[in-house]
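Hello,

Here is the structure I promised to pass on to you. Please have a look at it first, and then read my notes below.

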Amino acid sequence: MGKVAQILVAAGKGSRFEGDIPKQYASLGGKTILRQSLDHLKLAYPETALFVIVHAENDSRLSSSLEGFPGKTITTPGGATRSLSVKAGMRILADDPPDFVFIHDAARPYVSQRVMQDMLRSLETHQATAPVLPIVDAVKTIDGGKLGEDVPRSQIRRIQTPQGFRYKDIWPAYKEMSGTENHSDDIAVARTAGLSIGTVYGDEKAFKITYPEDLEKARNMLTSKTYMATGSGYDVHRIEKGNTLWLCGIEIEAGFSLKGHSDADVGLHALTDAIFGALAEGDIGDHFPPDDPQWKGAQSHVFLSHAKDRVKHRNGQIMHVDLTLICEKPKIKPHREQMRNRIADLLEIPIGKVSVKATTTEQLGFTGRGEGIAAQASASVRLPEYDG
Ligand code: CTP
Ligand code: MG
């Protein structure tokens, strides 16, 4: 697969939305619509090399929408029409052109991973591609408020974004665009330029927020249909000489330590992995590479907090976590309530949703011999069904 860039156009006024602020900054699941769109674009193609965000004003609404986004972004001011905003985004890419560019409306918060995969395949044989959907209602012309002729439904389609292009083919068409042009979408530009155009089947969840009631629909989608994802995590750290060790975010005077690149908190590591497991987002090593010096000696609560933030960014909710520590020493019971409290604080959930247990292995195996401590965890995370 070649290099992929994505342009998010967010420079519109949202006049039909009639809000106090431009619709891309309206709140949806604790984030701006712009950020929801950006997060879902990343989820739909995590390997994206660069996200270009085309904005109207460069103010705090933009910067706070991008805060903590785990991808490379560039921002640039847009133009008077959507096409000119896309042109501004395309220009940014000209110096180091990607193989493929996807253009997406910031007003479409939900992006389908399946559609993205289908478009990438479609671009192997076409210069441009777009998600299309059929029309189910009857369609008629209207003239002076009076209904007219039937329009044959089979001859029309609805077109969504993201739309995908081979960059070297689409950029010349935008480069030559005059200062006033506006096209209904980017496929229209590709068509005028004579590019070959493929189609893939769209996804209803990628609807555009245009009118106030669309935001209501988008909000309902976050809560109306959810599923419970369960993740599991496991970790082991070797026991070494020392006085104290970190376990579940607290420091315990055990007369020995645990060896590790970070603070070696085996409990928090297993728990962090359980949450990543529920999100199907790889493991702790993907998020915090052990060969990256910035994590050397890092406190493990940073890892767990990051996992919690990822749940939030996926519009999810941690419902319950359960952790088992496997060791002969230290005795866990005297510390258990403090551990549960600490974990509940870090995950911002009630203590009743945090379970910490311990077991020995009857002096068998490496834990039994006191060579190491093991931990295993599970996490239950509620996620929106539309996810993906
Ligand atoms: N857009 C843009 N630059 C423009 C016009 C639109 O970047 N000059 C973006 C919008 O921010 C939106 C997407 O293009 O994400 C689709 O446009 P639309 O839904 O029409 O949004 P608005 O133009 O903001 O809304 P309206 O037409 O109701 O004013
Ligand atoms: Mg518009």
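A molecule is said to sit in a pocket if more than half of its atoms lie within 2 Å of the grid points of that pocket. By that criterion, ligand 1 sits in the largest pocket. Two elements each give two or more residues to the shell around ligand 1, namely β1 (4-10) and α3 (82-93). Please keep in mind that this is a predicted model.

Which residues come nearest to the ligand? Of the 19 residues around ligand 1, they are Val-9, Gly-14, Ser-15, Ser-85 and Lys-208. By type, the shell holds six nonpolar, seven polar and six charged residues.

Some distances to the ligand may interest you. A polar atom in the side chain of Ser-15 is 2.5 Å from an oxygen atom of ligand 1. Val-9 approaches with its backbone instead: an N or O atom there is 2.8 Å from an oxygen atom of ligand 1. Arg-82 also has a backbone N or O atom to mention, at 3.5 Å from a nitrogen atom of ligand 1. As for cover, ligand 1 taken alone exposes 570 Å², and the protein buries 88% of that.

Now for the chain as a whole. Its secondary structure comes to twelve helices and 19 strands. The C-alpha atoms fill a box of roughly 85 × 45 × 40 Å along the principal axes. Of its 388 residues, 49% count as buried.

I also looked at two residues one by one, starting with Thr-48. This residue is found in the loop that runs between α1 (33-44) and β4 (50-55). Is Thr-48 buried or exposed? Its relative accessible area is 9%, and because buried means under 20%, Thr-48 counts as buried. The side chain of Thr-48 has two partners to report. One is the side chain of Gln-6, joined to that of Thr-48 by a polar contact of 2.9 Å. The other is the backbone oxygen of Tyr-45, which lies 2.6 Å from a polar side-chain atom of Thr-48.

The second residue is Asp-118, which belongs to helix α4 (residues 113-122). Its side chain makes a polar contact of 2.8 Å with the side chain of Arg-121. Where Asp-150 is concerned, 32 residues along the chain separate it from Asp-118, and the two C-alpha atoms are 32 Å apart.

I hope this helps you find your way around the model. Do write back with any questions.

Best wishes

Technical notes: Residues are numbered from 1 along each chain as its sequence is written. Chains are lettered from A and ligands numbered from 1 in the order in which they are written. This is a predicted model: local features need pLDDT of at least 70, side-chain atom pairs count only at pLDDT 80 or more; totals for chains, interfaces and linings use all residues. Side-chain values use heavy atoms; hydrogens and water are left out. A residue is near a molecule or strand if one of its heavy atoms lies within 4 Å of it. A polar contact is a pair of N or O atoms within 3.5 Å; within protein, one must be able to donate a hydrogen and the other to accept it, and residues adjacent in sequence count only if both atoms are side-chain atoms. Accessible areas come from the Shrake-Rupley method with a 1.4 Å probe; for residues, only the protein chains shown count as cover. On a 1 Å grid over the protein atoms alone, a cavity is a set of points where a 1.4 Å probe fits but cannot get out, and a pocket is an open set with protein on both sides within 12 Å along at least five of seven lines; lining residues have an atom within 4 Å of a point. Helices (H or I, at least four residues) and strands (E, at least two) are DSSP runs, numbered from the N terminus. Ala, Val, Leu, Ile, Met, Phe, Trp, Tyr, Cys and Pro count as nonpolar, Asp, Glu, Lys and Arg as charged, and the others, Gly among them, as polar. Buried means under 20% relative accessible area, exposed over 50%, partly exposed in between (1.4 Å probe, protein chains only).
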